[in-house]
Amino acid sequence: MNCQKNLPPFPLWENAVRKVRRFSPVVHCITNYVTAGWCADALLAAGAAPIMADEPEEMDDITSIAGSLVLNIGTLRQTSLVSMRRAAETANRLNKPVLLDPVGAGASRLRTESALSLLNGFHPAVVRGNISEILALAGCTAESRGVDADPAALVHPDRMTESAEWAAQLARRWRCVVAVSGPVDIISDGRHTCAVGGGDPMMARITGCGCMLSALCGAFLAEETDPWNAVSACFAMMSLCGGYAAQSVRAAGGGTASFRIRLLDALSLFSPERLAGAAVQIL
Amino acid sequence: MNCQKNLPPFPLWENAVRKVRRFSPVVHCITNYVTAGWCADALLAAGAAPIMADEPEEMDDITSIAGSLVLNIGTLRQTSLVSMRRAAETANRLNKPVLLDPVGAGASRLRTESALSLLNGFHPAVVRGNISEILALAGCTAESRGVDADPAALVHPDRMTESAEWAAQLARRWRCVVAVSGPVDIISDGRHTCAVGGGDPMMARITGCGCMLSALCGAFLAEETDPWNAVSACFAMMSLCGGYAAQSVRAAGGGTASFRIRLLDALSLFSPERLAGAAVQIL
Amino acid sequence: MNCQKNLPPFPLWENAVRKVRRFSPVVHCITNYVTAGWCADALLAAGAAPIMADEPEEMDDITSIAGSLVLNIGTLRQTSLVSMRRAAETANRLNKPVLLDPVGAGASRLRTESALSLLNGFHPAVVRGNISEILALAGCTAESRGVDADPAALVHPDRMTESAEWAAQLARRWRCVVAVSGPVDIISDGRHTCAVGGGDPMMARITGCGCMLSALCGAFLAEETDPWNAVSACFAMMSLCGGYAAQSVRAAGGGTASFRIRLLDALSLFSPERLAGAAVQIL
């Protein structure tokens with residue numbers, strides 16, 4: 001684990017945001033029907049081009065024209081699992097990055113086992129989930145309460161060093177970037193690890209913040225060579241947008257739906273230079 | 001039917017709202033893809049924890065960790081019907097409350113028959129629908145016009161006594177709470193019946209108000225021992241939020257989408273003490 | 001092709017908007033799960049009654065009670081393709097108008113071939129898509145970049161005469177109205193052709209503007225005898241609403257999600273007399 005207390009590579013991250021806007025990567029999402037529309041809107045807001053498709057027969061064609069593939073196992077079905085495997089095979093063959101979002105892993109054996117089979121079979125560049133989902137994949141018994149993260153979780157501002165070490169070990173074991181969402185996010189590729197603060201508890205009070213973040217990471221992955229930088233830049237952007245949206249909603253006396261609108265607005269209006277103000281700590 | 005003109009148990013209902021926030025029950029929804037995202041958002045706004053899942057293989061696991069089960073037959077498919085049966089069996093076995101929302105019953109034989117088989121086979125604690133859906137289940141021929149309630153319906157402010165008697169009879173026949181949405185809502189468990197006014201016609205101009213209400217009732221059912229109180233409290237809250245949101249949208253010159261945002265905002269900001277001002281009549 | 005530079009039949013189009021509100025046609029949509037909720041909301045905003053259903057077994061019943069049928073192949077699955085065929089057969093038999101939205105045609109063989117089989121087998125009254133989708137159906141090789149239109153497209157303000165001639169030829173070949181969305185929209189039935197300007201680039205930065213437009217066209221088709229007038233009126237309304245919403249969002253410093261809300265608000269508050277100000281050119 002990289003323990004130098006150095007500055008995050010903000011200029012590189014700013015550039016990552018700009019590249020998504022300039023090149024508008026196609027992101028192939030095989031995802032759940034609860035948040036699919038919000039994921040598409042988040043991608044469009046950031047300048048990317050979403051394509052949601054999950055019929056096995058067209059996976060080859062669709063993944064081939066995409067810059068990256070996002071596998072999200074919310075509302076998982078056996079058919080979409082077949083599609084995920086076909087699409088991931090194509091992505092592997094064409095050397096396109098795959099992101100796995102193990103939504104609800106730990107909540108059912110089907111989810112846990114499906115996520116593990118995708119993780120072990122198709123070399124995702126990134127696994128992004130909340131703490132209980134990542135724990136489930138790591139084989140830790142966690143009391144899984146639906147799709148929401150356990151608030152008394154391993155990842156906590158007071159124990160950043162342990163959290164970073166744990167994430168880095170997982171990243172080395174899985175040979176990918178591990179990105180854990182929570183009050184503080186941890187992103188590690190086994191060598192580089194950072195913690196992203198900021199954000200707002202309101203982000204957990206709308207459905208799909210995690211799904212949107214995964215979709216957005218897919219867009220960044222399509223344009224960046226280094227997945228850790230892609231994911232870290234994306235998390236920092238989301239955290240700033242979430243914090244800003246929550247602040248402005250509270251000032252206006254709004255509730256959770258207004259927060260959703262302002263979060264997406266913030267993504268679409270985001271100034272890359274603002275990244276320099278992100279609450280990121282290199283661990 | 002309870003015909004005393006007494007006050008609704010508002011303190012108990014206020015407590016119901018607070019318990020959902022405090023205990024954040026997991027609500028397992030097998031629902032349609034049109035409004036699934038809004039249902040999840042409504043549950044989160046009220047403080048509950050949604051889990052949308054409909055693959056047969058994981059029904060046992062998911063229903064087991066949930067506090068209640070909501071079956072919504074909008075965009076019904078044969079596969080999800082299999083899932084509904086498995087999940088309902090699990091819920092029955094574990095003594096967890098089941099709510100049935102017979103979306104579009106009367107619009108197709110598949111919907112009517114599926115709803116009836118769920119009603120007869122799995123002892124739902126609550127059936128919630130609009131008047132034409134409830135009429136279809138009751139075996140009354142109703143000209144079914146899609147999923148929207150017949151405006152010239154049985155439930156009408158001018159004939160509350162007949163409406164209450166009819167709902168109470170159905171509740172006794174089906175041995176569950178019957179909750180009928182309309183310009184005035186009627187909720188009966190065969191012994192207690194109330195009418196909930198307020199709300200606003202704008203609620204029928206966004207998709208999924210009924211679905212959201214069913215999902216929310218699921219959250220209240222998970223925490224209350226008496227289903228009639230759970231459902232009545234939830235209807236009263238929704239009606240107040242709908243009325244308030246419509247008023248504020250009209251004042252701002254907004255349209256139906258702004259109304260949706262303000263309705264969800266109102267749910268997330270709802271003060272339980274406001275229930276005492278609900279337009280509820282014990283019949 | 002009709003090349004008279006005459007005025008569009010605005011009074012007739014105004015009446016089309018009013019008829020949708022007055023008669024509230026049921027529109028049966030077999031559509032994708034990404035934008036299904038927004039399509040339902042757009043239909044409700046315009047005064048129509050959406051019914052989303054795609055289980056093969058209930059197609060006969062549902063299409064029978066609808067005024068029109070909208071087939072949208074986004075997130076296409078083999079099962080929904082079966083449903084589309086059954087529903088289209090019923091619609092053809094009962095003489096109800098069918099609209100085909102070939103979402104993503106050109107992006108996969110499955111989509112292109114499915115769209116062509118629906119086009120050739122079931123006499124749609126209207127085919128509505130973006131330029132790359134229409135090109136794919138026309139057999140032109142187009143570099144298909146997901147579901148978004150090629151910006152350097154055939155349909156361009158500087159070459160309206162060629163665009164109109166091309167659309168009119170397709171309309172005659174397919175014996176239906178061809179409606180091509182883009183910076184300028186082209187609508188032709190082979191005899192009458194118009195270009196609809198206005199709108200705003202922001203419309204391409206939210207998901208489902210095209211899907212919503214197709215759904216809305218379905219509502220207009222249900223009430224109008226002439227499909228070209230139905231579609232042209234609907235496009236003109238959408239374009240005005242999009243332009244107005246974008247203007248008001250920019251003035252307020254909002255982003256893409258606010259734009260979505262204001263677009264739907266504008267649809268729900270639309271004054272039919274405003275159509276006379278639409279940027280429509282009869283070609």
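**Chatting through a three-chain model**

Me: How many residues does each side give where chain C touches chain A?
Reply: Chain C brings 28 residues to the contact and chain A brings 26 residues. Two residues are in contact here if their C-beta atoms, placed from the backbone, lie within 7 Å. Bear in mind that this is a predicted model: local features need pLDDT of at least 70, side-chain atom pairs count only at pLDDT 80 or more, and totals for chains, interfaces and linings use all residues. Residues are numbered from 1 along each chain as its sequence is written, while chains are lettered from A and ligands numbered from 1 in the order in which they are written.

Me: What rotation superposes chain C on chain A?
Reply: A rotation of 120° does it, with 0.0 Å of shift along the axis and an RMSD of 0.0 Å. The two copies are thus related as by a three-fold rotation axis.

Me: Which residue of chain C comes closest to the axis?
Reply: Tyr33(C), with its C-alpha at 3.4 Å.

Me: How much of the contact set of chain C recurs in chain A?
Reply: 11% of the contact residues of chain C recur in chain A, and the copies use different surfaces.

Me: New topic: is strand S3 of chain C covered or open?
Reply: Strand S3 (residues 68–72) of chain C is mostly covered, with five of its five residues buried. A residue is buried if 20 or more other C-beta atoms lie within 10 Å of its own, exposed if 12 or fewer, and partly exposed in between, with C-beta atoms placed from the backbone.

Me: Which way do its residues point?
Reply: Ser68(C), Val70(C) and Asn72(C) point one way from S3(C), while Leu69(C) and Leu71(C) point the other way. In a regular strand the side chains alternate between the two faces of the sheet.

Me: Which strands pair with S3(C)?
Reply: Strand S1 (residues 26–30) of chain C runs parallel to S3(C), joined by four bridges, and Ile30(C) has Leu71(C) as its bridge partner. S3(C) also pairs with strand S4 (residues 98–101) of chain C in the parallel sense over four bridges, where Leu69(C) stands opposite Val98(C). Two strands pair if DSSP finds at least two bridges between them.

Me: Last one: at what angle do helices H1 and H8 of chain C pack?
Reply: Helix H1 (residues 10–23) and helix H8 (residues 209–223) of chain C pack at about 90°, with their axes 9 Å apart. Axes are lines fitted to C-alpha atoms, for helices over the stretch in contact, and angles run from 0 to 180 degrees between N-to-C directions. H1(C) and H8(C) are therefore roughly perpendicular, a label for angles of 65 to 115 degrees.

How values were computed. Helix = DSSP H or I, 4+ residues; strand = E, 2+ residues; numbered from the N terminus. Parallel < 35°, antiparallel > 145°, perpendicular 65-115°, else oblique. Least-squares fit on C-alpha atoms with pLDDT ≥ 70 in both.
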